There are 2 protein chains.
Amino acid sequence: MSDGCCEETHKDSHYSPGYYWLGNDTLKVPLVLHRENRQRLAKSILTSKDKDSIEPNSFVLFQAGKSTTAYDTDHEPLFRQEKFFFWAFGSDMPDCYGVVALDSQENPTSTLFIPRLPAEYATWLGQIHSKEYYKKIFLVDNVEFADEMTAYLKNLNCSTLYTVAGLNTDSHNHTEPLTFKGIEEFKVNTTLAFPYVAECRVFKTPKEIEVLRYSVESTCKSHMQVMRKIRPGMKEYQCESIFLYHAYHDFGCRNVGYTCICAANKNSSVLHYGHAGEPNASTIRDGAMCLYDMGAEYHGYTADVTCSFPANGKFTEDQKIVYNAVLDASQSVIKAMKPGVEWIDMHKLAENRILSGLLAGGILVGSLEELVENKIGSVFFPHGLGHLLGLDTHDVGGYQGDAKPKVNSLRTTRSLIENMFITVEPGCYFIDHLLDQALADPSKARFFNRDVLARFRNFGGVRIEDDVLVTATGCENFSKMVPRTVEEIEAYMKH
Amino acid sequence: MSDGCCEETHKDSHYSPGYYWLGNDTLKVPLVLHRENRQRLAKSILTSKDKDSIEPNSFVLFQAGKSTTAYDTDHEPLFRQEKFFFWAFGSDMPDCYGVVALDSQENPTSTLFIPRLPAEYATWLGQIHSKEYYKKIFLVDNVEFADEMTAYLKNLNCSTLYTVAGLNTDSHNHTEPLTFKGIEEFKVNTTLAFPYVAECRVFKTPKEIEVLRYSVESTCKSHMQVMRKIRPGMKEYQCESIFLYHAYHDFGCRNVGYTCICAANKNSSVLHYGHAGEPNASTIRDGAMCLYDMGAEYHGYTADVTCSFPANGKFTEDQKIVYNAVLDASQSVIKAMKPGVEWIDMHKLAENRILSGLLAGGILVGSLEELVENKIGSVFFPHGLGHLLGLDTHDVGGYQGDAKPKVNSLRTTRSLIENMFITVEPGCYFIDHLLDQALADPSKARFFNRDVLARFRNFGGVRIEDDVLVTATGCENFSKMVPRTVEEIEAYMKH
Ligand SMILES: [Mn+2]
Ligand SMILES: [Mn+2]
């Protein structure tokens, strides 16, 4: 625990004073990113309509994730930090707390509370660092032990703790209960802070944008390795292993934001394939359509990119029909995106382009207007066009601001604002039970050409997913490096 | 949900009627393995001292793991099954229950209760299969919906449910509370079954042994890839990525039994390095001692193998001193292991060999007897010699049977019995705070040659871990294919 020792560790670990970095060509992330987040939060509350209700000596309180074990065993699954806490402090340590004092708009005082580690920690888990060490790393004003939090806050005459507690609009889960020994000695407000923190998380800062750019580009390059190495006859999970290897080995991404979806054959019509019950275990057939939805995470920020392509590198005419319909949707949306645009309108635009493609391909008959009116779109495109993206794959805040009531499974119904980061992921799938439902419904059945449809029953599906930043005048597609057109994909996969 | 469709799925998925298989050269596991486990359990209870207390129409009740999300989000971490349930039923499906009727020693009736899935499951997560499908796969007598479990059991005049509930002696955690809607309508016995199930899990059947052999050999081959590809200047986590890639790509092991420990430099003296707080993030130095403790899991059964070697492929004389002391311990123990041998004696034997090596190397002075008497062994070798291994890395049952009171951090104190599967993992580490403690204690300090010790302060540590089956007359080392002697390692790493 000598200074020399800490200095030594500083030089060769993922955290050093003010930085997160995994060495070599990986991104060096300045941890002032999180101090800026704390500042944004204090400013947003202290300049809000609620500002006059904020009492002196009050704090926003964050709670880190708890260390856990699997079932009754002593197996500790790889810890992943709670994302609100991470957003504010950038620390991956379990069992911490953090407070941001509402004492200044520009430079609120921040304190990180760390667990007091037993001596045997040094034998089993690693060097025990000093409070001073963590203060230097995370650029906070104070570091204290978590078991002294109550005394510390009382000493500061803490009046109110604003806890970060609220409802997640994707999962409909509430945040975990926030508590600590002695919390009953303070006034606790569980409602005020959450929407301010969530709203801050919606808008990415330049420093956050650089991390996201790195995660997305690392993800794209790892996808491209899969496209180079895939061959019919391989198992789907072998492609997952190739992605995971490159994301970690080449770019330092130990985690993915979500379980890899590596669907070939008809499996590409299962939207969230790849989970433990459908573990990417099929053999990739020659002629199969592949749908690979995989996103690597760096310093907590995740990408979410989907590439669809034929397993053998050459599109059939039928595959071109579906693929180009989805590509048209993707390109049309990205071209139209800019501040002020309604996300609901973008979803409708995508749906229209997909339906137009299916009409042109002869799978559907009738007019586009009739198809829309009779909700044929959601038979083929049953999920929303996209979602906010950041520390969570389905990032928070989709139903704040100017959000309209939920439609079409959309994860946000807001209009676009500069510095939102959002996925654009139109898709077209041949899902048996949705097709059967539609064919059994006379108002819908009349739009299907059953003979042509029969050809596509085992097609699977296509999804094209990009990660897009809303800019002042339009948008920037961070995942544009992956081959996207039929010609680009065929040329790239030839090698 | 037509039969044809199920048949199609059967042919190309991880589960088919009676088998788990990931294709290509991966192991095809007969699921009768789990029926045998259910039979073993019924027989062990029905022939035990408790047999007369077992009421007619009673059942042993198992509870699968629950599907979960991370914090408040809709992110579902990759599901991993609860291991008692898996042992009995071999299913990786969350939210299930299973009962084994105590109606026959040879062929107890078994019923699997599966969740009733909503129609949209087919869109998002995959095909919804029939009860008949699961019955064929898992070789159970009945499959019912979990929401009908109470009615089903009442209809069978169920008298008592013996739940699998107990204390894990490694984690000191209790099993998760077992409950379901309607459980209050039955007599529940929470104490009888657990020790019987745990004791069955201690002894591996021929079919379980084949799975473990596959997991261990897959693990060894993946370790050897790391030994071939490691170079000074690489990051530790790049070696982790190489191991994970081969374990998954080549052998179908999606999970590891525990987080990979990829320690180079002084980090190799941190016993459980590699967790999120110490994420294998150092640069591997030329001359560093590496300690790689990694184990791949196949069909729930995990390996646990450690290889230690110099990063540059060539041992220094100091590295040879420590490595050969540990190798001597390992070889001496494996030579001595056979039924009837006390595990405590094996630990002492390992400690003696390590201390002898350190005496010969001049790090310690005095006689072996004095060193043992003054507990110098645990300064360098602070963990137990090994642990039962199977579905859990630290498998259950270490403190049942003829176990003696706990000594020296040992995870079991039983004598060896045929078909136990156990790790042999002697280690020698230079851990600053343990060395400092010892040097500050006059009864210990006199045995250290401080000048020589100073040379080893930044050495790190060595662990050699094998996975060993106790046989009728001795033992079989399943991990013997990895290079182990100094000569073998240097020759293998030259290429
Ligand atoms: Mn997405
Ligand atoms: Mn072990």
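These notebook entries record what I looked up in a predicted model.

**Entry 1. The two chains**

**Entry 2. The manganese ion**

Which residues coordinate the manganese ion (ligand 1)? I listed A:D304 through OD, A:H387 through NE2, and A:E425 and A:E465 each through OE. The distances run from 2.1 to 2.3 Å. Along the sequence, I wrote the spacing of these donor residues as D-x82-H-x37-E-x39-E.

I next placed A:D304 and A:H387 in the chain. A:D304 sits in the loop between β14 (301-302) and β15 (305-310) of chain A. A:H387 sits in the loop between α13 (377-380) and β16 (421-424) of chain A. The two residues are 83 residues apart, and the pair links distant parts of the chain. Are A:D304 and A:H387 buried or exposed? I recorded both as buried.

**Entry 3. Strand β12 of chain A**

I examined strand β12, residues 289-294 of chain A, for burial. Six of its six residues are buried, so the strand is largely enclosed by the rest of the structure. For the directions of the side chains, I recalled that in a regular strand they alternate between the two faces of the sheet. In β12(A), A:M289, A:L291 and A:D293 point one way, while A:C290, A:Y292 and A:M294 point the other way.

I then looked up pairings of β12(A). With strand β11 (residues 261-263) of chain A, the pairing is antiparallel over three bridges, and A:I261 stands opposite A:D293. With β15(A), the pairing is also antiparallel, over six bridges; here A:L291 stands opposite A:S308.

**Entry 4. A three-stranded sheet**

Finally, I traced an open sheet of three strands in chain A, with the order β16-β19-β20 and antiparallel pairing. Which strands are at the edge? They are β16 and β20 (475-477), each of which pairs on one side only. I noted an average twist of 30° from one strand to the next. Strand β19 (residues 466-470) and β20(A) pair over three bridges, and I found A:L469 opposite A:E476 in β20(A).

Conventions
Residues are numbered from 1 along each chain as its sequence is written. Chains are lettered from A and ligands numbered from 1 in the order in which they are written. This is a predicted model: local features need pLDDT of at least 70, side-chain atom pairs count only at pLDDT 80 or more; totals for chains, interfaces and linings use all residues. Side-chain values use heavy atoms; hydrogens and water are left out. Donors are N, O and S atoms within 2.8 Å of the metal (3.2 Å for Na, K and Ca); water is not among the atoms, so sites may look incomplete. Helices (H or I, at least four residues) and strands (E, at least two) are DSSP runs, numbered from the N terminus. Buried means under 20% relative accessible area, exposed over 50%, partly exposed in between (1.4 Å probe, protein chains only). Two strands pair if DSSP finds at least two bridges between them. Axes are lines fitted to C-alpha atoms, for helices over the stretch in contact, and angles run from 0 to 180 degrees between N-to-C directions.
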